[in-house]
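Please walk through this structure one region at a time. The text is meant to be read with the sequence and the model side by side.

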Amino acid sequence: MSKIGVSVSIDVTKIDKSRIKEVTKKDGSVAKYLNLTTFINPVEEDQYGNHGFIAQSQDKEERESGAERPPILGNCKVIYTEGGQAKKQDDFLSEDVPF
């Protein structure tokens, strides 16, 4: 699998702070985590040049209950692919697929 670099940008005012998890580490210090989910399509851009979006993650119970999805916080853009040049959709389609 080739490497890609992705730039992300989120609107922090849209973060649901109740979803921030506070964890006490082994050394006694406290860390705060925010689980995010992103879907990226590196071969197609939207009208603004973005390749995907970022949202706060849902847990299993929320997904199974059909709870409303958290709002989209921002976007992501592929800024690097291995070899230094972004691939176009035709490049992916012409590659040998091992299955």
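Predicted model: local features only at pLDDT ≥ 70, side-chain atom pairs only at ≥ 80, totals over all residues.

Residues are numbered from 1 along each chain as its sequence is written, and side-chain values use heavy atoms, with hydrogens and water left out.

The protein has two helices and six strands, where helices (H or I, at least four residues) and strands (E, at least two) are DSSP runs numbered from the N terminus. Along the sequence the order is β-β-β-β-β-α-β-α. Of the 99 residues, 19% are buried. Here buried means under 20% relative accessible area, exposed means over 50%, and partly exposed lies in between (1.4 Å probe, protein chains only).

Strands β2 (21-24) and β3 (residues 30-33) run antiparallel and are joined by four bridges; two strands count as paired if DSSP finds at least two bridges between them. Within this pair, lysine 21 stands opposite tyrosine 33 of β3. The hairpin has five residues between its strands, and glycine 28 takes a positive phi near 95° there.

Side chains of opposite charge can pair when their charged atoms come close. A salt bridge is taken as a side-chain nitrogen of Lys or Arg within 4 Å of a carboxyl oxygen of Asp or Glu, and by this rule there are two. Which residues are linked in a network of salt bridges? They are Asp16, Arg19 and Glu62. Aspartate 16 meets arginine 19 at 3.7 Å, N to O, and glutamate 62 meets arginine 19 at 2.8 Å, N to O. The latter pair links distant parts of the chain, since glutamate 62 is in helix α1 (residues 60-65) and arginine 19 is in the loop between β1 and β2, 43 residues apart. Arginine 19 counts as buried because its relative accessibility is 19%, whereas aspartate 16 has 33% and is therefore partly exposed.

Lysine 14 also sits in the loop between β1 and β2. With a relative accessibility of 43%, lysine 14 counts as partly exposed.

Strand β1 (residues 4-10) gives the largest share, three residues. Isoleucine 40 belongs to strand β4 (residues 36-40) and is partly exposed because its relative accessibility is 33%.

The largest pocket has a volume of about 240 Å³. A pocket is an open set of points on a 1 Å grid where a 1.4 Å probe fits, with protein on both sides within 12 Å along at least five of seven lines; lining residues have an atom within 4 Å of a point. The lining includes Thr37, Phe39, Phe53, Arg63 and Ile72. Strands β4 and β5 (52-56) are the elements that give two or more residues to this lining, and β5 gives the most, with three.

Methods:
Points joined across faces, edges and corners; volume = space filled by probe spheres on them.
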